[in-house]
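Subject: Structure for your review

Dear colleague,

Please find the structure below, followed by an account of what was found in it. I would be grateful if you read the text with the model open beside it.

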Amino acid sequence: MTDAAAPATGVRRISTGAPWEEKFGYSRAVELPGGLVLVAGCTSVVNGQIAAGSPYEQAVTSFDVAFAALEQVGLGREDVVRTRMYITHARDVDEVGRAHKELFDAVRPAASMIIVSGFVDPSLVVEVEVEAYRGGTK
């Protein structure tokens, strides 16, 4: 579900109905007037359940959650200009990197992979953020 743009600012806030959006007061994505779309951290939680186990599977599912948010504003993976991948173990770098390459090899966004101490659920080992840009051709 997409929220309408705020008239004074032109900022468009996107909600996916995830329970944490209401509980913690955030939007899944925010589109700024200049065409930049910021997607909040996404994990492999789908319909309230962790949908995948391995770091590779969690990364793919997490990016799919982000892509679904981008679709609500008419953008896709080809519009992604930056990614951030947060992982809990250095041993997962190659698996998460492989998922990123499969999804973005042709796009080549700026990317960071950061090792963190953990997430709200210890079975989550990957969280991703994406930024996309709506150029003048869309």
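A salt bridge is a side-chain nitrogen of Lys or Arg within 4 Å of a carboxyl oxygen of Asp or Glu. This is a predicted model, in which local features need pLDDT of at least 70 and side-chain atom pairs count only at pLDDT 80 or more, while totals for chains, interfaces and linings use all residues. Residues are numbered from 1 along each chain as its sequence is written, and side-chain values use heavy atoms, with hydrogens and water left out.

Salt bridges

The structure holds nine salt bridges. One of them joins the side chains of Glu31 and Arg134, at 2.8 Å from N to O. Glu31 lies in strand E2 (residues 29-31) and Arg134 in the segment after strand E8 (126-133), so this pair ties together parts that are 103 residues apart in sequence. Helices (H or I, at least four residues) and strands (E, at least two) are DSSP runs, numbered from the N terminus. Glu31 counts as buried because its relative accessibility is 9%; buried means under 20% relative accessible area, exposed over 50%, and partly exposed in between, with a 1.4 Å probe and protein chains only. Glu31 and Arg134 also belong to a network of salt bridges that includes Arg12.

A further salt bridge links the side chains of Asp92 and Arg91, at 4.0 Å from N to O. Asp92 is buried, with a relative accessible area of 5%, whereas Arg91 is exposed at 65% relative accessibility. The side chains of Asp105 and Lys101 form another salt bridge, at 3.1 Å from N to O. Asp105 is partly exposed, with a relative accessible area of 31%, and Lys101 is partly exposed as well, with 48%.

Strand pairing

How do the strands pair? Two strands pair if DSSP finds at least two bridges between them. E6 and E8 pair in the antiparallel sense over seven bridges. Within this pairing, Thr83 has Val130 as its bridge partner in E8, and Arg82 has Glu131. Strand E3 (residues 36-42) also pairs with E8 in the antiparallel sense, over five bridges; there, the bridge partner of Val37 is Ala132. E6 and E7, by contrast, pair in the parallel sense, over six bridges, and Ile87 has Ile115 as its bridge partner in E7.

Strand E6 and Arg84

E6 is mostly covered, with six of its eight residues buried. Arg84 lies in this strand (residues 80-87) and is buried, with a relative accessible area of 19%. Which residues does Arg84 contact, leaving aside its neighbours within four places in sequence? They are Ser112, Glu127, Val128, Glu129 and Glu131, where contact means heavy atoms within 4.5 Å. The side chains of Arg84 and Glu131 are joined by a polar contact of 2.9 Å. A polar contact is a pair of N or O atoms within 3.5 Å; within protein, one must be able to donate a hydrogen and the other to accept it, and residues adjacent in sequence count only if both atoms are side-chain atoms.

His100 is placed in helix H3 (residues 93-104). His100 counts as buried because its relative accessibility is 11%. Not counting residues up to four places away in sequence, His100 touches Phe63, Thr83, Met85, Asp105, Pro109 and Ala111.

Arg108 is found in the loop between H3 and E7, and is exposed at 62% relative accessibility. Most residues other than glycine have a negative phi. Arg108 is not a glycine, yet has a positive phi of about 55 degrees.

Other points

Met113 lies in strand E7 (residues 110-115) and is partly exposed, at 31% relative accessibility. Val93, Met113 and Ile115 form a nonpolar patch on the surface, with about 220 Å² of accessible area together. Such patches are made of residues with over 30% relative accessible area and no salt bridge; like charges are joined within 9 Å, and nonpolar side chains (Val, Leu, Ile, Met, Phe, Trp, Tyr) within 5 Å. Accessible areas come from the Shrake-Rupley method with a 1.4 Å probe; for residues, only the protein chains shown count as cover.

Finally, Lys23 is found in helix H1 (residues 19-24) and is exposed, with a relative accessible area of 65%. Lys23 and Ala111 are 88 residues apart in sequence and 29 Å apart in space, C-alpha to C-alpha.

Yours sincerely
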